[in-house]
Structure formats: structure tokens, C-alpha cells
Amino acid sequence: MNAALVAVLLSLVSACAYAAAAVAQERLASRASDAGPLRMLTSGAWWWAVALNASAALLHVVALKYGPLTVVQPLGALTLVAAVPLGARLAGRRVSAIEWRGTGLTLLGLGALLLTASGPAPDDVLSVPEALTVSGATAALIGVLSWPGARPGLRHATASGIASGVASALTQTVTVAVTDRSGPLLSVQVIGVAVLVAAFATGGLLLSQTAYRGGLGAPLAVVTLANPVAAALIGLSLLGERLRGGAGGVLLALTGALLAAWGVLQLSRATPAPGRHEPAAPVPTGPEPEPDPDGSPPAGLVPRQPGPGHLTPL
């Protein structure tokens, strides 16, 4: 079977597994929005999501053996196609028109990026200095996007996508170095880069869990967009991969990026953050309570007095 076809098929199955994991993470985040990472370790649903992510990642690793980053990574957009309707189905609602439109625009943009991708099965790897430089720059960027105390949202999703994209690029280095049999199986390069892969993959998983507290559609779209962009930048700049079509290909890639960004914006408008709508106070239906004998109103009808330093709203 053609190597590129094998990479595409493996990427499709991987995307479905990632979609199921994303829906599981979002549902867990909505039920336990205040739970910290340590509390997650005691949740069976959390470990189910981790198992799905691990299975998807394993398929992704094998796909990277047969296809370049610029082909394998954009196919992760199919995660969005599966996850948005699956999440809506499990929530007992229909996918809204703006969600379909946002998903379609995101996929159209990522499809344009995929059309410009080209190249044979990967045979180049990152050197140890290159891997360390990429890892250091990525860690700094992730720190800026998700500093402590930041409100969970699209910045965390961006950091998650970048972490996952860099993990994929580093994974390709490990996979090619191990399978080309040109050096020792457990060289310093393989072990060091494998540790970095584990760190970025774990960080991406935890960051996405935080991002999904704001809903599924928009954060997943951002993760789906940031992941291939980060991986493609590494592939194009350090691994010798190229875009097809010269200047026209670059223009098509930029157009695709803009369409995908527009789709993400549509999804962000379609997914309100939880907690913005407060339930209406129940209207009493019983008889009005009688005033006290001294003429003061009943205790239940006394307006709450403002605390020190607070003004009573008009």
C-alpha cells in the first residue's frame, strides 16, 4: 500500500479517537470545573479520556512514520468534524447553524493548508540543539499564554495546540531515529527527545482540559488549528519539508489560515462560557406573609443591606 495512503488512513482513525477524548474531557470539565489536576487522577472518566488520547497518539506516531508533518497534522481537523456533533448529541441538543458554519470554515481553511503540503515519507530529524531550542521557545510561549490565574479559554487552547504540535514534531524525530537503524536504539538523542515528547504531550492534555471549561467547539477548533500550524512551522523550517505551488501555494496556505481563523471566531460566538446565565429566582406562589405586630415587615421581605464599601444598586 502507498505510504501516503497509510498515513492518511491512520490519521483518520486517530482523529476519531481524539474527538471522543475531547468530548469526554469537555463533559468532565463541565461537571467538575473547580477540580484541580490531582482530583482528576481519582476520576474514572479522566482515565478513560487519557486512554483515548493515548490510543490516538499512538496511531498518530505510526502515521508520522509514513507521511510528513505537513500532511499528517492538518488531517487532525477531522477531530472537529466528529467532536462537535458528538458533543451536541451527548448534551441532548442539536448542532446550531453557526456551529456548522464555524466547523465548515475551519475545515475548509485547514483543507487549503493540506492541499499545499507535499513531500515524501520523512527522513530528516531534529538535532539535539534544535530540539532543545524548539522546546525552550515553546515552553516560554506556553508560559505566556497560560500564566497562573488566567481565566480558562482560548489562550489555554492555543497553548495546548502548540504543545501537541511540537510533541508531534519531536515524535517524528524519535520515530525516524529509532526505525532507520543508522545509530544506537537508545542514543542520547532518542532518550532526550522522548522525554520532551512526554512532557509536551502531558502539558497539551492538561491545557486542553482547562480550556474545555469554556465549552467544546471554540477551544477544540483553536487546538485543531494551532496544532498543525506549530508542526508545519517546524517541518518547513527545520525538517526540509516544502509547500507545493511556490508563491501560489503560499498564498493558498495564507488564505486557508484566514478561513480557519474565521471559523474559530464563529465557533467562539456559538459557545457561551458557562456561568454567564444565572437562573431566575423562583416566584413565590403562596399567600403574602403577615407583617409583625410592631409594624416591621416580615424577615423574608427585608432587603439585604450592603456590606462595608458596597453601594446598593438602584
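1. Ala169 is found in helix H8, residues 154-179; helices here are DSSP runs of H or I with at least four residues, numbered from the N terminus. Ala169 counts as buried because its relative accessibility is 0%, where buried means under 20% relative accessible area, exposed over 50% and partly exposed in between, with a 1.4 Å probe and protein chains only. Its C-alpha atom is separated by 8.6 Å from that of Leu126, 43 residues apart along the chain.

2. This is a predicted model, in which local features need pLDDT of at least 70 and side-chain atom pairs count only at pLDDT 80 or more, while totals for chains, interfaces and linings use all residues. Residues are numbered from 1 along each chain as its sequence is written, and side-chain values use heavy atoms, with hydrogens and water left out.

3. Thr171 also lies in helix H8. Thr171 is buried, with a relative accessible area of 9%. Not counting residues up to four places away in sequence, Thr171 touches Val61, Leu64 and Val197; contact means heavy atoms within 4.5 Å.

4. The largest nonpolar core has 26 residues, and Leu80, Ala83, Tyr212, Leu216 and Leu220 have the most contacts inside it. Such a core is a set of buried Ala, Val, Leu, Ile, Met, Phe, Trp, Tyr and Cys residues joined through side-chain atoms within 4.5 Å. Helices H1 (3-31), H5 (78-90), H6 (97-115), H10 (217-238) and H11 (246-270) each supply at least two residues of this core. H10 gives the largest share, 6 residues. A second, separate core of 23 residues includes Ile162, Val174, Phe200 and Ala226.

5. Leaving aside neighbours within four places in sequence, Leu80 is in contact with Pro85, Thr103, Thr106, Gly217, Leu220, Ala221, Thr224 and Leu267.

6. The axes of H1 and H5 come within 8 Å and cross at roughly 40°. Axes are lines fitted to C-alpha atoms, for helices over the stretch in contact, and angles run from 0 to 180 degrees between N-to-C directions. Residues of H1 that meet H5 include Leu12, Ala15 and Arg27, and those on the H5 side include Leu78, Ala83 and Leu90.

7. The axes of H1 and helix H9 (residues 188-211) also come within 8 Å, crossing at roughly 55°. That makes H1 oblique to H9; angles under 35 degrees count as roughly parallel, over 145 as roughly antiparallel, 65 to 115 as roughly perpendicular and the rest as oblique. Gln25, Leu28 and Ala29 of H1 make the contact with Leu205, Ser208 and Gln209 of H9.
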